Amino acid sequence: MLIDNSKYISPKFKIEDYLNLNLDIHSSQDKWKKAIEIFEDRIRGRFFNAIYDLQDINTKSKIPKYDFAIMALEALLVETMLQFKHGLENTNNVSRQEYTEYLKTLSNSFTDDSALAFYINVRCGILHSGQTYGNTVLTQDNSYIITMENYLFKVSVPEFTVLLYKTYKTYCKSLMTDTVLKGNFITKMNYICNR
């Protein structure tokens, strides 16, 4: 984002706030806490704040009129989390296999078949065509994350949101101790800040 001729990496932090940390996998706990604070502000500011605002409107109106917009944000968030976890500059060349394998790490609700159905019908449908593919519906049902019933693939928007939030919080916590995640995080953040 460009605000008053300054480049921001998140709503509150400029690119320099991250670059000035000179972060490496052996940096101090304080530097890592600051880096994670910047990352959290980025993810909340770009994704979760908007998702929760749209969910609030859904709840107040008693009609889930923004589920599609929420799922579009969440499909982008899955891409983002995948990039950070694996230290990828982008997901232009990420295969269907890598994406579905990542989904399966999020929850045992995702099997080979359901992860593939999500990838094709939700992720590809929404991001490439502005619609879901196949017999796919977005629901407000809190009894599952995803399910297949009578050839109908159902994705619970609120439950998928909960899953992504837990995944995000677990990732942030793991960044304090996991050197592989730290290295991959640095690769991704450096790419974002230096391009």
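**From one loop outwards**

Reader: Where is L21 found?
Author: L21 sits in the loop between helix 1 and helix 2. Keep in mind that this is a predicted model.

Reader: Is L21 buried or exposed?
Author: Buried. The relative accessible area of L21 is 10%, and the cut-off for buried is under 20%.

Reader: What is L21 in contact with, leaving aside neighbours within four places in sequence?
Author: K31, K34, A35 and I38.

Reader: Let's talk core. How many residues does the largest nonpolar core have?
Author: It has 56 residues. Y18, F39, F118, F160 and F185 have the most contacts inside it.

Reader: Which elements each supply at least two residues of this core?
Author: Helix 1 (15-19), helix 2 (29-61), helix 3 (67-86), helix 4 (96-106) and helix 5 (112-129) do. So do strand 5 (152-156), helix 6 (157-174) and helix 7 (179-194).

Reader: Where does the largest share come from?
Author: Helix 2, with 10 residues.

Reader: Zoom out. How many helices and strands does the protein have?
Author: There are 7 helices and 5 strands. Along the sequence the order is β-β-α-α-α-α-α-β-β-β-α-α.
Author: The radius of gyration is 18 Å, close to the 16 Å from the globule rule for 195 residues, so the protein is as compact as a globular protein of that length.

Reader: What does the C-alpha trace span along its principal axes?
Author: About 55 × 35 × 30 Å.

Reader: What percentage of the residues is buried?
Author: Buried residues are 47% of the 195.

Reader: What about contacts with a separation of 6 or more? How much comes from residues 24 or more positions apart?
Author: Those pairs account for 54% of them.

Reader: Switching to backbone angles. What is phi at N150?
Author: Near 50 degrees, a positive value in a residue other than glycine. N150 lies in the loop between strand 4 (146-149) and strand 5.

Reader: And what is phi for Y151?
Author: About 65 degrees, also positive, and Y151 is not a glycine either. Y151 is in the loop between strand 4 and strand 5.

Reader: Are N150 and Y151 buried or exposed?
Author: Exposed. N150 has a relative accessible area of 76%. For Y151 the value is 73%.

Reader: How far is N135 from Y151 in space?
Author: 6.9 Å, C-alpha to C-alpha, with the two 16 residues apart in sequence. N135 is in the loop between helix 5 and strand 3 (136-139). Beyond four places in sequence, N135 is in contact with Y151, L152 and F153.

Reader: Helix 5, then. Is N121 buried or exposed?
Author: Buried, at 15% relative accessible area. N121 is placed in helix 5. Not counting residues up to four places away, N121 touches Q131, T132, Y133, G134, T136 and F153. F153 is a contact of N135 as well.

Reader: What about C124? Buried or exposed?
Author: Buried, with 11% relative accessibility. C124 is in helix 5 too. Its contacts beyond four places in sequence are Y119, S129 and Y133.

Reader: How far apart are the C-alpha atoms of C124 and A75?
Author: They are separated by 8.8 Å, and the two residues are 49 apart along the chain.

Notes. Residues are numbered from 1 along each chain as its sequence is written. This is a predicted model: local features need pLDDT of at least 70, side-chain atom pairs count only at pLDDT 80 or more; totals for chains, interfaces and linings use all residues. Side-chain values use heavy atoms; hydrogens and water are left out. Helices (H or I, at least four residues) and strands (E, at least two) are DSSP runs, numbered from the N terminus. The radius of gyration is taken over C-alpha atoms; the globule rule is 2.2 Å times the number of residues to the power 0.38. Buried means under 20% relative accessible area, exposed over 50%, partly exposed in between (1.4 Å probe, protein chains only). Contact means heavy atoms within 4.5 Å. A nonpolar core is a set of buried Ala, Val, Leu, Ile, Met, Phe, Trp, Tyr and Cys residues joined through side-chain atoms within 4.5 Å.
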